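User: Please take me through this model one question at a time. Start with how the terms are used.

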Amino acid sequence: MTKTPQECTSITDIRAEIDRIDAAIIQYIGERAGYVKAAAAFKTSESSVKAPDRRAAMTEQRRQWATNHQLDPDMIEQLFKLMVDYFVAQELNHYAESHKE
């Protein structure tokens, strides 16, 4: 049963809720990875994999979402930078392998 922070009556309750949330975050990252992998089929060049304009717009949107949720936009930007850097590197490897002559 999910508890709000105010409903938690012990550190055990708090930790259980944090673990529940972390598991959901990891599940969503896995789901996101599937979409990233599927997007590779639509990429026609290394430049389209890197997609700097999309990345800049995405970063700004995530910063706004962070602000909307009273989170530090710099921290959220760093989290997404780490994740996106990883997925772009994976996509570039996949692209290079699939376009070998």
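Analyst: A residue is called buried when its relative accessible area is under 20%, exposed when it is over 50%, and partly exposed in between, with a 1.4 Å probe and protein chains only. The model is predicted: local features need pLDDT of at least 70 and side-chain atom pairs count only at pLDDT 80 or more, while totals for chains, interfaces and linings use all residues. Residues are numbered from 1 along each chain as its sequence is written, and side-chain values use heavy atoms, with hydrogens and water left out.

User: Is Gln-70 buried or exposed?

Analyst: Gln-70 sits in the loop between H3 and H4; helices (H or I, at least four residues) and strands (E, at least two) are DSSP runs, numbered from the N terminus. Its phi is positive, about 55°, although Gln-70 is not a glycine. Most residues other than glycine have a negative phi. The relative accessible area of Gln-70 is 69%, so this residue is exposed.

User: What is the relative accessible area of Ala-51?

Analyst: Ala-51 lies in the loop between helix H2 (46-50) and H3. Ala-51 also has a positive phi in a residue other than glycine, near 40°. It falls in the partly exposed class, with a relative accessible area of 21%.

User: What percentage of the contacts with a separation of 6 or more joins residues 24 or more positions apart?

Analyst: A contact means heavy atoms within 4.5 Å. Of the 101 residues, 17% count as buried. Among contacts with a separation of 6 or more, the share from residues 24 or more positions apart is 59%.

User: At roughly what angle do the axes of H1 and H4 cross?

Analyst: Axes are lines fitted to C-alpha atoms, for helices over the stretch in contact, and angles run from 0 to 180 degrees between N-to-C directions. H1 passes H4 in a right-handed crossing; a crossing is right-handed if the near helix is turned clockwise from the far one by less than a right angle, and left-handed if anticlockwise. Their axes come within 10 Å, and the angle is roughly 40°.

User: How many nonpolar residues does the contact of H1 with H4 have?

Analyst: H1 supplies Ile-29, Arg-32, Ala-33, Val-36 and Ala-39, while H4 supplies Met-83, Val-84, Phe-87 and Glu-91. Ala, Val, Leu, Ile, Met, Phe, Trp, Tyr, Cys and Pro count as nonpolar, Asp, Glu, Lys and Arg as charged, and the others, Gly among them, as polar. By that scheme there are two charged residues and no polar ones, and the nonpolar residues number seven.

User: How many charged residues are in the contact of H3 with H4?

Analyst: Helix H3 (residues 52-68) and H4 pack at about 145° with axes 9 Å apart, in a right-handed crossing. Arg-55, Arg-62 and Arg-63 are among the H3 residues there, and Asp-74, Glu-77 and Lys-81 are among those of H4. The contact has seven nonpolar residues and two polar ones, and its charged residues number seven.

User: What is the relative accessible area of Glu-17?

Analyst: Glu-17 is in helix H1, where Asp-13 and Val-36 are buried as well. Apart from neighbours within four places in sequence, Glu-17 is in contact with Met-1, Thr-2, Lys-3 and Cys-8. Glu-17 is buried, with a relative accessible area of 10%.
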